[in-house]
Amino acid sequence: MPGGRLCGRAFTVQFLPSGPPDGRTPGGDIGHYMDDVPAGYVVAIDHRGDTGLGVWDDALTRQARERGIAGTVIDGASCESVQAAGAANPLRAMGAAKSNGKSLVRVEAFNLPIVIGGVRVECDDILLGDEGGLVVIPRDHLGPVLAQARELAAAKA
């Protein structure tokens, strides 16, 4: 399966066009937040559907693998293809960009609500995905969703 499956809690990141950082924004380049992502989390990036500039590249994939990050989902483009990222760090993006946005975009915020494909994603929501799509389970609904899944599994057994 190209790119593999991903499952984990969301670590949310918002990108905006470059500008001077201020007191409320972390600033920095496209990977500025990586040291803050816990192992097992999925990096969820809101780049507002921009497919002209990539906000993920092969260096970030290597770093994600080393840190045990469960995958990456981008509402925008990556400079690396889904196939190149592989199952060790599954990647889902709207497209592949030829240009890296290092000097043209910046991290506006992380661990705040973002939007991926028109769906609100908050830090610690559960993301499940494969080549067929992405499911977001709000963290406050995880208990009831798991209970329903267990009931369905028991009924099939």
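In the predicted model, Glu122 and Arg139 form a salt bridge (a side-chain nitrogen of Lys or Arg within 4 Å of a carboxyl oxygen of Asp or Glu), with 3.2 Å between the closest N and O atoms. This pair connects distant parts of the chain, 17 residues apart: Glu122 belongs to the loop between strand 8 (119-121) and strand 9 (126-130), and Arg139 to the loop between strand 10 (133-137) and helix 3 (142-156). Helices (H or I, at least four residues) and strands (E, at least two) are DSSP runs, numbered from the N terminus. Glu122 also forms a salt bridge with Arg120, where the closest N and O atoms are 3.0 Å apart. Through shared partners, Arg120, Glu122 and Arg139 are joined into one network. Relative accessible area was classed as buried (under 20%), exposed (over 50%) or partly exposed (in between), with a 1.4 Å probe and protein chains only. On this scale Arg120 is exposed at 52%, whereas Glu122, at 24%, is partly exposed, and Arg139, at 36%, is partly exposed.

Residues are numbered from 1 along each chain as its sequence is written. Because the model is predicted, local features need pLDDT of at least 70 and side-chain atom pairs count only at pLDDT 80 or more, while totals for chains, interfaces and linings use all residues; side-chain values use heavy atoms, with hydrogens and water left out.

The whole structure contains four salt bridges. One of them joins Asp58 and Arg62, at an N to O distance of 3.7 Å. These two residues lie four residues apart in helix 1 (residues 58-67), so they are separated by about one helical turn. Asp58 is partly exposed, at 42%, and Arg62 is partly exposed, at 45%.

Three aromatic pairs were found; rings of Phe, Tyr and Trp (its six-membered ring) pair if their centres lie within 6.5 Å, with planes under 30 degrees apart counted as stacked, over 60 as edge-to-face and the rest as tilted. The pair of Phe15 and Tyr33 is edge-to-face because the planes stand at 80 degrees, with the ring centres 6.5 Å apart. Phe15 is in strand 1 (residues 6-17) and Tyr33 in the loop between strand 1 and strand 2 (42-54), 18 residues apart. Phe15 is buried at 1%, and Tyr33 is buried at 0%. Ring pairs link Phe11, Phe15, Tyr33 and Phe110 into a cluster.

A nonpolar core is a set of buried Ala, Val, Leu, Ile, Met, Phe, Trp, Tyr and Cys residues joined through side-chain atoms within 4.5 Å. The largest such core has 20 residues, among which Phe15, Tyr33, Ile45 and Trp56 touch the most other members. At least two residues of this core come from each of strand 1, strand 2, helix 1 and strand 6 (105-110). A second, separate core of 10 residues includes Val42, Val73, Val121 and Leu127.

A polar atom of the Asp75 side chain lies 3.4 Å from the backbone nitrogen of Gly117. Beyond neighbours within four places in sequence, the contacts of Asp75 (heavy atoms within 4.5 Å) include Asp46, His47, Met94 and Val115.

Methods. Polar contact = N/O pair within 3.5 Å; in protein donor to acceptor, adjacent residues only side chain to side chain.
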